[in-house]
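Student: I am new to this structure. Could you show it to me and take my questions one by one?

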Amino acid sequence: MKKIAVLVSGGGTNLQALIDAEARGEIKNGKISLVLASNDQAYALKRAENHNIPSVVVSKKECANEEEFAEKLLNAFKEHNIDVIVLAGYLSIIPKAVVEKYPHRILNIHPSLIPSFCGGGYYGLKVHEAALAKGVKVTGATVHFVNEIYDDGEIIIQKAVLVKEGDTPEILQKRVMEEAEWKILPQAVSLVCEDRVEVKNNITIIKEN
Ligand code: GRF
């Protein structure tokens with residue numbers, strides 16, 4: 001059974017989707033064993049407490065430099081024997097030293113169809129504002145592996161969501177979460193825990209059961 005750390009910065013609805021999927025037996029070969037928050041105000045911490053999941057706060061701001069930040073993260077993962085790391089609305093960049101320790105073992109959820117509306121500056125509502133400003137008719141969400149470049153790692157699962165007339169960034173964000181993020185994140189986490197995601201030439205292949 002792989003031990004999963006979920007990294008959060010805010011409300012934690014994606015964390016909740018993972019907790020609920022685990023309770024339904026849909027995270028095969030994986031158990032959420034740690035919630036790591038970038039700040040102590042994250043409501044996601046309350047969700048962890050409600051489900052008796054150990055949690056820790058590691059604030060990048062309180063670290064003197066990148067090395068110290070990496071060390072704190074790695075220590076927390078080591079202490080809890082973490083195998084798989086899930087960024088679920090986590091707003092800090094993962095240091096290179098951590099990425100190197102967990103090759104193809106760190107996943108991120110992004111609320112657009114990468115490579116649209118991704119990279120530096122595209123987070124939270126900004127992604128949906130940009131999608132509406134461009135007038136795309138279809139958007140969605142992507143779960144991908146994390147490398148040293150923002151939103152650049154290999155794509156694991158994507159799901160499309162229709163944009164509707166009259167959408168505001170908030171309405172679109174909610175639809176993307178409900179129809180895509182909360183579904184594909186648990187699916188991708190399960191596939192990685194089951195060792196079913198193979199990477200060849202920057203492309204993932206999902207192995208049959
Ligand atoms: C989600 O839209 C996620 O895709 C993005 O940040 C948001 C986090 O929401 N990276 P929550 O904290 O999981 O509710």
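The talk below goes from the ligand to a few backbone and side-chain details.

Tutor: Two notes before we start. This is a predicted model, where local features need pLDDT of at least 70, side-chain atom pairs count only at pLDDT 80 or more, and totals for chains, interfaces and linings use all residues. Residues are numbered from 1 along each chain as its sequence is written, and side-chain values use heavy atoms, with hydrogens and water left out.

Student: Which residues are around the ligand?

Tutor: A residue counts as near if one of its heavy atoms lies within 4 Å of the molecule. α1 (13-23) and α6 (169-193) each supply at least two residues of this shell; helices here are DSSP runs of H or I with at least four residues, and strands are runs of E with at least two, numbered from the N terminus. The residues are G11, G12, T13, N14, G89, I109, P111, M177 and E181.

Student: Why does S38 count as buried?

Tutor: S38 sits in the loop between β2 (30-37) and α2 (44-50). Buried means under 20% relative accessible area, exposed over 50%, and partly exposed in between, with a 1.4 Å probe and protein chains only. S38 counts as buried because its relative accessibility is 13%.

Student: What is the length of the polar contact that joins the side chains of S38 and S9?

Tutor: A polar contact is a pair of N or O atoms within 3.5 Å; within protein, one must be able to donate a hydrogen and the other to accept it, and residues adjacent in sequence count only if both atoms are side-chain atoms. The side chains of S38 and N39 make one at 3.4 Å. For S38 and S9, the value is 2.8 Å.

Student: What is omega at the cis peptide bond of I114 and P115?

Tutor: Most peptide bonds are trans. P115 lies in the loop between β5 (106-110) and α5 (125-134). Its cis bond with I114 has an omega of about 15°.

Student: Is D151 buried or exposed?

Tutor: D151 is in the loop between β6 (138-145) and β7 (155-162). Its phi is positive, near 55°. At 10% relative accessibility, D151 is buried.
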